[in-house]
Amino acid sequence: MTGALGRGARAAARFVWDFLVGDTPEVLVVVLVIVGAAYALGGHGAVGVVLLPLLAVAGLGFSVWRGYRAQR
Amino acid sequence: MLELPYVTATANATATSTIALLVAVFGASLVEMVEALTLVVAAGTRSWRSAFEGTALALVVLGVTTAVIGIPLAHLLPIDTLRLVVGALLLLMGLSWLRKAVLRGGGRLAKHDEDAVYVRTVGALAHEPGDKVRDGAAFLVAFKGVLLEGFEVVLIVISLGASSHRLGLAAVGAAAAAVVVAVAGVVVARQLSDVPENALKTVVGVMLTTFGVFWVGEGAGVRWPGDDLAIPVLVALFAASAGVMVLLVRRAVSGARSGAPAAPTALGDVAS
């Protein structure tokens with residue numbers, strides 16, 4: 001029973017790790033940067049409105065570039 | 001009378017976000033269910049009864065998970081906290097889907113091949129013992145396939161539905177896609193390998209990234225001009241950006257094949 005629970009917990013932990021980090025840790029970093037920027041800029045509406053989408057585009061570009069290099 | 005333009009604008013914004021939500025949920029569910037169908041059909045080569053039972057149980061588990069997690073989330077958490085958390089979650093999924101779709105669209109990553117998955121799964125099942133009426137291996141493959149492919153759909157339904165207080169609408173969108181795939185699967189009686197999966201993944205990636213940025217901003221106190229009307233603007237921005245990146249990757253790939261050194265530099269310019 002304990003063995004089954006342990007296996008289940010390990011499988012769940014691995015699933016969460018793969019989902020959040022997997023082989024694209026930079027995506028998680030980008031998301032954290034965007035969330036941090038959103039908090040920092042919450043009171044400065046206009047800057048946030050422009051910066052948050054641009055951060056997402058830059059983050060996507062970085063991740064695609066990294067994926068491109070990894071496939072070489 | 002003076003409030004009429006405001007009322008019209010609000011109605012337009014609501015309709016826009018409703019359509020965007022339905023497209024995101026329906027598209028995501030369609031992609032995942034097509035992948036699940038391949039595994040169910042492969043399991044069906046051993047026992048259709050067990051494959052259907054595994055599918056049905058997985059759908060029940062997914063439905064209960066949506067209700068048990070989604071309904072309390074929608075009603076108990078403060079809306080700003082909820083939007084920040086699910087916005088981050090949607091961004092994570094959206095950027096991952098878009099990244100993969102761009103690399104596949106640009107020819108840098110092999111496209112998802114349902115026929116190959118089917119052949120591989122049938123081959124693996126051939127080594128399992130069992131009988132034709134009730135087959136444990138077929139049940140497990142169908143159950144795990146639908147559950148794992150459906151889990152991401154559940155996350156999307158809960159995230160999009162709970163944040164906009166339209167959990168029911170999001171669930172209907174996902175269920176509609178599941179029904180469409182199931183009916184198509186029954187009609188053609190095989191895996192759906194002709195579905196333009198990468199195009200669908202691109203659309204869903206754009207929508208999830210849009211909602212992610214929108215709700216992270218809203219949750220942190222950013223006020224979008226036009227409220228929900230900012231959503232189509234964000235959709236256009238991310239779709240255009242993904243399109244440009246596909247072209248750059250394609251150029252880089254063909255440049256690398258022909259030995260031209262300039263193409264990878266062009267891709268590098270995007271990242272910097």
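A crossing of two helices is called left-handed if the near helix is turned anticlockwise from the far one by less than a right angle. In this predicted model, helix α3 of chain B passes α5 of chain B in a crossing of that left-handed kind. The helices concerned cover residues 79-105 and residues 136-163 of chain B, respectively; they pack at an angle of about 145 degrees, and their axes lie 10 Å apart.

The residues at this crossing can be named on each side. From α3(B) come B:Leu82, B:Arg83, B:Val86, B:Leu89, B:Leu90 and B:Met93, which meet B:Glu152, B:Leu155, B:Ile156, B:Ser159, B:Ala162 and B:Ser163 of α5(B). Sorted by class, the residues of this contact comprise 8 nonpolar, 2 polar and 2 charged.

The largest nonpolar core has 95 residues, and within it B:Ala24 and B:Val216 touch the most other members. The element that gives the most to this core is helix α1 of chain B, residues 4-44, with 17 residues.

Chain A may be considered next. Its secondary structure consists of 3 helices and 0 strands, in the order α-α-α from the N terminus on. The radius of gyration of chain A is 17 Å, whereas the globule rule gives 11 Å for 72 residues; the value is well over that figure, so chain A is more spread out than a compact globule. Along its principal axes, the C-alpha trace of chain A spans about 55 × 40 × 10 Å. Of the 72 residues of chain A, 29% count as buried, the criterion being 20 or more other C-beta atoms within 10 Å of a residue's own.

The two chains meet through 30 residues of chain A, which are in contact with 32 residues of chain B. On the chain A side, α2 (25-41) and α3 (45-70) each supply at least two residues. Of these helices, α3(A) provides the largest share of the side that touches chain B, namely 16 residues. The composition of that side of chain A is 20 nonpolar and 10 polar residues, with no charged residues. The contact of α3(B) with α5(B), by comparison, includes 2 charged residues.

Definitions and conventions:
Residues numbered from 1 in each chain as written. Chains lettered and ligands numbered in written order. Predicted model: local features only at pLDDT ≥ 70, side-chain atom pairs only at ≥ 80, totals over all residues. Axes fitted to C-alpha atoms, helices over the stretch in contact; angles between N-to-C directions. Helix = DSSP H or I, 4+ residues; strand = E, 2+ residues; numbered from the N terminus. Contact = placed C-beta atoms within 7 Å. Nonpolar A, V, L, I, M, F, W, Y, C, P; charged D, E, K, R; others polar. Core = buried A, V, L, I, M, F, W, Y, C linked by C-beta atoms within 7 Å. Buried ≥ 20, exposed ≤ 12 C-beta atoms within 10 Å, placed from the backbone. Rg over C-alpha atoms; globule rule 2.2 N^0.38 Å.
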